[in-house]
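Please read them with the coordinates open.

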Amino acid sequence: MSALSQRPDNPVVGIPLPHESATLHVTGEALYTDDLVGRLTGALHAWPVQAPHTHALVTSLRPEKAYEVPGVVRVLTAEDVPGINDAGVKHDEPLFPTEVMFHGHAVCWVLGETLEAARLGAAAVEVDYEPLPSLVTVQEAIAAESFQGTPRSLSRGDAGAALKDAAHVFEGEFEFAGQEHFYLETHVSLALVDEGGQVLVHSSTQHPSETQEIVGHVLGVPSHEVTVQCLRMGGAFGGKEMQPHGYAAIAALGARLTGRPVRLRLNRTQDITLSGKRHGFHSTWRAGFDDDGHIVALEATLTADGGWSLDLSEPVLARALCHIDNAYWVPNIRVDGRVARTNKTSQTAFRGFGGPQGMLVMEDLLGRCAPLLGIDPIELRRRNFYQQGQTTPYGQEVRQADRLAACWDQVAASGEVARRRAEIADFNRRHPHTKRGLAMTPVKFGISFNLTAFNQAGALVHVYKDGSVLINHGGTEMGQGLHTKMLQVAATALGLPLSRVRLAPTRTDKVPNTSATAASSGADLNGAAIKNACEQIRERLVQVGGGMLGISPHDVRIEDGVVRGLSPASGEVGWNELVNTAYHQRVQLWAAGFYRTEGLHWDPTVMQGEPFKYFANGVAASEVEVDGFTGAYTLRRVDIVHDVGDSLSPLIDIGQIEGGFVQGAGWLTLEDLRWDTSDGPHRGRLATQAASTYKLPSFSEMPEDFRVKLLEKAHEEGAVYGSKAVGEPPLMLAFSVREALREAAAAFGPSGTSVDLASPATPEAVYWALDKARTPQAPEPSDTGAEPVMAGER
């Protein structure tokens, strides 16, 4: 067992603890970025001037009338930028644009003594536009050949030849929607300037180091003149990985120009209309099966809707390509990927980062093909699982295929799937207007950043003379419980009770050059860095302890704050006494820790290598009931077994699994982003701008019976204390809900009905699917007259 994964006796990790800030959250005492403005005097407030066009040139911008509004202090425009007028790492996102690229694009910002003054000032700014043609849908972009970034392809074997020889060939076209992050806390930044012009930016950001970098290049100053701090975030889900940078830069620019604190907080409508979402995708595919239902070949084209700029679209697409296989062995495969440029918000990271989009294509085609093959969907999925030692299309060995099978078998057994499906079949025979469905789906999700360089982390650990411990690390807390786990890691590594350890807010002047808290890697990377720092300190302290106890340092043990030898005759000393002695011996009581994930290599040009440290596995079984008159449905029961390795904090992990599953179900069944695609004056305007028009999961959508278990005996070699990531993989367990809805809809038709189900599978979409199932029509031929356009056997 590796030193990184090995646990000591009686560790603090593994204990089910509540979130370290849970009490503060529920009492309202937890401080967020926007809460800090009330502690300052003279803070200015920022408000955007948003364009009423989807695509247009800014021909004239006249801010003079804004200054006539009482309380307006400054209008920020491109002329005020001393550095680079760009908020993106790809240099394709002008902070103050001369070309409006989406409806609501901010062309300048107004600073006021009050928020109302800033709002009125923004309304007074005069802007002239020259409207231009726009592309709103991904299909419009495909037709116009409007693409951006570098296209990628992933292949193995000869998919074309294998499809020609396959016993059964099906093809389909599938377009599915994006998703609004709808974090409780919208984007917010608060910037202050000291007497030397250095800037401190409080930001709700998942990537403080990159926020620091972008602020620096907008201001035209080096990074050491900018400090970014993130107290905590009220949710992020990937939406605060790239998109906070521009808002932080606006606040910092305003603070530098006025010498006063500047607060920028978007209201909900501004946040939804200005910020990026999960990428919607368009896909076409052809899949071949043998007579036993094994996948023999897959050809697919994935087109991601990137919006107006690249943002993270290229790595999102790459992860989608790498996850189209999900849990299934595909011997011959060819997948082409590209990013469409549309006149929408710049789509960005969202929990799963392209993985869900790639997997959804596979799960959709299996769900559509199973009835046409005459094979039960559960059996078809299980039959195609990876076997031990097989490799993914990009060349990485699937080393824990047995764990995937273990999760599957455990869900099938504990969920009594066979018995319940027999009961469902009987129920469906007796109820012509109400049907039930039960589906099982797996998840195999790669853990690590696609970009190998991001797989590093730092930490700074201080032991003070009184024995108390302060932890700094580069990860950010967005409610996911990272800080809770990091406290447990530090306490375990030092041999202390949890009460002796405190964690400081994330700051770029404490731990530099950090990666985003993303890719489900926060605990893996930062936990290992903290452990490294703590072990440096502990190694120095055991030398001191050995001298105090008169024994070899190798025989010194520190547990629960008590220092002992292997033999009881050695006696013991307390932690405080040990630390005090070490201080007086001039022993260093702080350490900078570092970790880099080993064993990764990846060539994005050929899409080959080992980009992931390991795979996280999970299986879910979901049961639904559908009303045949309306398409309305209820989620009756969910059974989940998920592999989190040897859990660092079981209560946190179970909460993440539950939350990820519900968010995934929201994406797949409820959350419906709608842009105006008409040729009218509001073309390109996002119509779903608030909770009143954008349906989010609530208590009423929660399953009546929700059972979540962690896979036991799942120690992960080579990861911090044997744990595995948990943030993103559970979201994709929600495929089981969509597939259960498909089965319930198909039950309204004759046996063997293949259902084409839209995504999101809203009640309306479910109704259209079930209505078509109970009134089946012959499939329309394609242009060749030989193949059906949608899924059908050739």
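Which residues have side chains that meet in a salt bridge, and at what N to O distance? The points below start from there; note that the model is predicted.

1. The side chains in question are those of Lys485 and Asp653, and their salt bridge has an N to O distance of 2.6 Å. Across the interface of domain 1 and domain 2, the rule finds one salt bridge. The rule also finds six residue pairs in polar contact across this interface, with both residues of each pair at pLDDT 80 or more.

2. Two elements, β16 (434–447) and α16 (650–669), each supply at least two residues of the side of domain 1 that touches domain 2. The element that gives the most to this side is α16, with three residues. By residue class, the side of domain 1 that touches domain 2 divides into 11 nonpolar, six polar and three charged residues.

3. In contact terms, 20 residues of domain 1 meet 21 residues of domain 2.

4. The size of an interface is often given as the accessible area lost when the parts come together. For domain 1 and domain 2 the buried area is about 1,500 Å², and 61% of it is on carbon and sulfur atoms. Of the area that domain 1 buries against domain 2, 41% is supplied by Phe449, Leu648 and Tyr721, more than any other three residues.

5. Turning to aromatic rings, the structure holds 15 aromatic pairs. One of them is Trp329 with Tyr386: the ring centres are 6.4 Å apart and the planes are at 70 degrees, so the pair is edge-to-face. This pair links distant parts of the chain, 57 residues apart. Trp329 is in the loop between α8 (313–322) and β15 (333–340), whereas Tyr386 is in the loop between α10 (377–383) and α11 (401–414).

6. Two backbone details deserve a check by eye. Ser759 and Pro760 are joined by a cis peptide bond, with omega about 10 degrees. Pro760 lies in the loop between α17 (735–746) and α18 (763–774). Glu416 is not a glycine, yet its phi is positive, at about 45 degrees. Glu416 is placed in the loop between α11 and α12 (417–430).

Notes
Residues are numbered from 1 along each chain as its sequence is written. Side-chain values use heavy atoms; hydrogens and water are left out. Contact means heavy atoms within 4.5 Å. Buried area is the accessible area (1.4 Å probe) that two parts lose on being put together, summed over both. A salt bridge is a side-chain nitrogen of Lys or Arg within 4 Å of a carboxyl oxygen of Asp or Glu. A polar contact is a pair of N or O atoms within 3.5 Å; within protein, one must be able to donate a hydrogen and the other to accept it, and residues adjacent in sequence count only if both atoms are side-chain atoms. Helices (H or I, at least four residues) and strands (E, at least two) are DSSP runs, numbered from the N terminus. Ala, Val, Leu, Ile, Met, Phe, Trp, Tyr, Cys and Pro count as nonpolar, Asp, Glu, Lys and Arg as charged, and the others, Gly among them, as polar. Rings of Phe, Tyr and Trp (its six-membered ring) pair if their centres lie within 6.5 Å; planes under 30 degrees apart count as stacked, over 60 as edge-to-face and the rest as tilted.
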